[in-house]
Amino acid sequence: MGTKSSKKNSVLNKMHDHFLHIAPQYRQLRTTDLGPILFITNKLQDLPKVHAADIGCGAGRYSLKFVQHLGEKCHLFCLDNNREMLRYLREHFAKNSITNFTPIRSDSHKIPLQTDSLDCVMSFNAIHHFSLPDFLRESSRVLKNNGKLFVYTRLREQNAKTIWGMHFPSFNKKEDRLYELDELKSAFEKDPNLNIDSVKFFEHYRVYPLEKLVEQVKNHHYSTFKFYKKQEFKEALHKFVQNILNHYDDLDKITWKDQNTLLVVENKQ
């Protein structure tokens with residue numbers, strides 16, 4: 001039991017250090033998908049006011065798009081346990097003249113907001129970093145009756161179809177934190193207040209030059225890369241480049257489709 005707990009703490013510490021280091025360049029390294037934002041804001045459009053929270057917001061890539069689309073009728077609480085991510089979030093919001101937000105340094109398992117206070121809780125590509133049962137319990141608590149929880153994530157089977165899953169050695173094996181859809185559904189079913197309303201799948205067409213992909217790897221744009229030992233990582237990157245050379249003719253236009261899943265959940269108290 002102690003060994004398992006120590007391993008979990010080691011992973012958490014490694015991830016915290018990773019995101020501290022990557023915060024200054026996180027926006028440039030990661031892609032922000034507009035599709036789920038348009039879907040979510042459309043679902044909330046008829047509400048006269050929207051009080052929402054983005055849990056695990058990082059540097060605020062999705063938070064910013066959300067507020068921009070809903071405008072002044074929205075107030076967004078941006079929660080992350082990484083101070084550097086929140087610092088860059090504040091700077092980016094200020095550059096875009098957005099003031100209707102509150103950054104809060106917090107873990108996902110203890111949301112420091114009032115019970116029954118939110119119309120919407122969201123999480124974008126972050127739940128694999130959370131304790132899922134604790135996050136769902138807290139989301140249910142802070143949501144109003146009929147409030148909505150939106151969970152945007154990549155499933156394990158979807159991860160296998162990314163450029164990394166297909167061509168970067170051991171990427172799927174290293175990334176064991178992601179869920180499959182039936183696992184997520186089972187977790188929601190254990191909470192008596194949360195009911196899955198719908199599940200929507202997104203496909204995103206990607207086009208990148210090899211140079212950009214190598215840059216992303218070297219900058220650990222996915223936290224999965226932190227699970228490689230130094231020499232193992234070096235060898236895997238070399239093999240990744242060889243795999244790309246063997247599978248693609250135009251190295252300036254390497255194409256693939258990323259897939260993601262959005263769960264739309266209603267809170268019924």
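**Note on helix packing and the sheet**

1. Helix α11 passes helix α12 in a right-handed crossing. Helices (H or I, at least four residues) and strands (E, at least two) are DSSP runs, numbered from the N terminus.

2. On the basis of this note: the model is predicted, so local features need pLDDT of at least 70 and side-chain atom pairs count only at pLDDT 80 or more, while totals for chains, interfaces and linings use all residues. Residues are numbered from 1 along each chain as its sequence is written, and side-chain values use heavy atoms, with hydrogens and water left out.

3. The geometry of that pair: α11 covers residues 210-218 and α12 residues 230-247; their axes come within 11 Å and cross at roughly 160°. That makes α11 roughly antiparallel to α12. Angles over 145 degrees count as roughly antiparallel, under 35 as roughly parallel, 65 to 115 as roughly perpendicular and the rest as oblique. Axes are lines fitted to C-alpha atoms, for helices over the stretch in contact, and angles run from 0 to 180 degrees between N-to-C directions.

4. The residues involved: α11 brings Leu210, Leu213, Val214, Val217 and Lys218, and α12 brings Phe233, Leu237, Phe240, Val241, Ile244 and Leu245. Contact means heavy atoms within 4.5 Å. By class, 10 of these residues are nonpolar, none is polar and one is charged. Nonpolar covers Ala, Val, Leu, Ile, Met, Phe, Trp, Tyr, Cys and Pro; charged covers Asp, Glu, Lys and Arg; the others, Gly among them, are polar.

5. The crossing is right-handed. Ser63, Leu64 and Val67 of α4 meet Leu89, His92 and Phe93 of α5. This contact has four nonpolar, two polar and no charged residues.

6. The sheet: seven strands form an open, mixed sheet in the order β3-β2-β1-β4-β5-β7-β6. Strands pair if DSSP finds at least two bridges between them. β3 (101-105) and β6 (194-208) are the edges, each pairing on one side only. Twist averages 15° from one strand to the next. β2 (residues 74-80) runs parallel to β3, joined by five bridges. Phe77 stands opposite Thr102 in β3.

7. Helices on the sheet: α5 lies across β2 and β3, at about 170° to β3. α6 (residues 132-142) lies across β1, β4, β5, β6 and β7, at about 145° to β5.

Conventions
Left-handed = near helix turned anticlockwise from the far one by under 90°.
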